[in-house]
Amino acid sequence: MQLSQKEARRTPGWMGIQRGHKARPLEWLAEKFIFLVSLSTILMVFLIFVFVAREALPVFLGDTDTALVSPVIPPAEMDHHSPAELEKYLELTPAQFKAMDHDTLMSLMDVKVEAANDIPESFRNSRDARINTTEWRYLLLPHQWDDYQKPEYIWQPVGQIKKFNIIPLFVGTLKITLIGLLFAVPLAVGAAIYVSQLARPRTREIAKPAIELLSGIPSVVVGFFALLVLATVLQKIFGYQTRLNAFVAGMALGFAVIPIIFSIAEDALTSVPRAYTQAALALGASRWQTAWQIVLPAALPGVFAATVLGFGRAIGETMIVLMVCSASVMSWSVFDSARSITTTIAAEMAEAVNGGPHYRILFMLGALLFAATFVSNMIGDFVIHRFKTKLEGKR
Amino acid sequence: MSEVQSPKSEVPGRHFRAEKFDFWSFFFSGLTGLATLFILGILATILINIIANGWPGFSWHFVSTTPKKDFFDIHTTGVFPMIVGTTFRVLVMTIFVIPVGVITAIYLTEYAPSNSLITRIIRAAVNNLAGVPSIVFGLFGLGFFINFIGKNLDVLLHNANAVWGQPALVWASLTLAVMTVPVVIVATEESLKAIPPGLREASLALGATKLETILKIVLPQALPGIMTGGILAVSRAAGEVAPILFTGVAYYMASLPTHLSDQFMDLGYHVFVLSTQSPNIEQTRPILYATVLVLLLLTFALNIVAIIIRSNIRRKMRSLH
């Protein structure tokens, strides 16, 4: 039946049966309500971004200050400074500043001087006590701290002088994530090839849900298992010094990522048209040759997406790494301890002062983490979408 | 392909079976098979290790006892308040997550124009929500629910006394609800798609409206799928610790939570506390294993139920198409 374009436009709705909202107001209202509720998912992603970034905003704007000793302006020199400078120096809001007269300001300046005199002598002469450690150069670049031999990357948020260099955390995260992926990707993709292409249907029906069941184990349980059992076993095999290190954490992380990579890769491999496989087999290729040379190349974007999504999951995993290793050491060695971004947030948020610089920086790390997983999710989804439409087009 | 023979010399059909033994094919197939076995081995090892070590400490006494402040002693400890806390937070979560998830799934399958921009954005948002790290949900709960909504509620209702503006059961549940929405959406959508279009068409042909069709024909049929989604969300949420770290969990509470603004103890967090903060790890090992076993029973049993329901739906779907 050929509908003219005009006719087709007149019956747009579901299966061509829809009379418009004038005939059925309730129906129309319900539809709008359902639409609005479904928009809430977009709202949630938006809110997560806004509110995590909001708490981190002072770090991005440079409004946090950790300097213990700031330069003191003698009250006598008050008139040499502009009102804006004084306002910032006395930590007043514009409204407060306006409400005060000259004498009140003067007495506040005296208080400042007294407060500066109360700081112990040892700090007043220390170079480190004068700097604001939340500036970007201290967050990202190595710095020559007072008691150290050479410029170093240090994350040490407690103590008198708080050191917030985030590079050790990045290195730790990357190290653990890469170990996890190097372990998980070959295993998961191998299993996906086997289950989708080579296994008998009976085997497939058992193996597939069983592997997916692995994702049902809470990460705190995987972490517990790694802490008590895996760490001991791996230490016996490899004989390294530190019992809890990035290697153990990475392996345990692999356990958590395997089911995700497996199910996405398996899905991609299964969605390669049967005609490809049948043609290859008909030409005399063995099952393995078909899987390796025909199906896997065709499904490669899907396997890539699985890896990317697995990466997103791995850098976001918290409890496993939190339980297995915690010391933030700046080292690329696999057998040293490492601290990931997630672990840092989880372990330190409780002791960070609400609204303080440490709290802000932890939120900034969270925002960066969110951005990283957002990007990897987007890439993964985009690749899968392209892959699926391409396969459908060829069918 | 030197093996191609002239078709005359072969009986048709017999040629298919004559697969020559090829060492490399055998080797690599075996390798992938081993990978599969290895993964299954990991699963089995974890489960067997926990069941074997946890069973001796697992008893009715253990499940029903409220521990005193020192819960590292095997004789007086128990996990009753943790089970209650975990159950409460998960139940409150389902109240929020099921309606939102189901309605969104209904929109996506029944109403949404299949390739419009807004549908694609909603799908992208759902996928993204599923991939956000759980610790970021924790930060979100702290930044949004506690520091924004809670604090403002206190200013409005309680003269700025901290009632809602601090970690609480309801904030933990809401955070978990945001986290598990995708789980419910995906499961519900799958079951909605499994319903044959013929049913909807029949209902419409009899004069029912679209809304009536959805409420009276489609949803009852999709109920098992919605249940699966709910169960999966519950099992996922019950095991998660990171999102509740800053939004409501307590190291120790003398009493059970009675109000939505109370803090609570939690099984998963208790596992974390026992395994990292114990003064004597050898002594707490039996308690630890028993606690893990309880947690695993809670989450895993639910998971298996969900998988069984889901495989039934899939089988039904296959027989329809």
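Chain A of this predicted model is split by the domain assignment into three parts: domain 1 covers 5-61, domain 2 covers 70-118 and domain 3 covers 167-394. Let's look at how two of them meet. Going by C-alpha atoms, the centres of domain 1 of chain A and domain 3 of chain A sit 33 Å apart. Where they touch, domain 1 of chain A brings 8 residues and domain 3 of chain A brings 7 residues. The domain 1 side of that contact is made of 7 nonpolar residues and 1 charged residue, with no polar ones.

Now zoom in on one residue of chain A. You'll find A:Ser286 in the loop that links helix H12 (274-282) to helix H13 (287-316) of chain A. A:Ser286 and A:Leu90 are 196 residues apart along the chain, and 80 Å lies between their C-alpha atoms.

How confident is the predictor? For the complex, it gives an ipTM of 0.86 and a pTM of 0.84. In chain B, the mean pLDDT is 85, with 92% of the residues at 70 or more.

Residues 1-16 of chain B have pLDDT below 50. Leaving out near neighbours in sequence, that stretch makes 6 contacts in the model.

Methods:
Residues are numbered from 1 along each chain as its sequence is written. Chains are lettered from A and ligands numbered from 1 in the order in which they are written. This is a predicted model: local features need pLDDT of at least 70, side-chain atom pairs count only at pLDDT 80 or more; totals for chains, interfaces and linings use all residues. Domain bounds come from an automatic or database domain assignment. Two residues are in contact if their C-beta atoms, placed from the backbone, lie within 7 Å. Ala, Val, Leu, Ile, Met, Phe, Trp, Tyr, Cys and Pro count as nonpolar, Asp, Glu, Lys and Arg as charged, and the others, Gly among them, as polar. pLDDT is the predictor's confidence in each residue, from 0 to 100. Helices (H or I, at least four residues) and strands (E, at least two) are DSSP runs, numbered from the N terminus.
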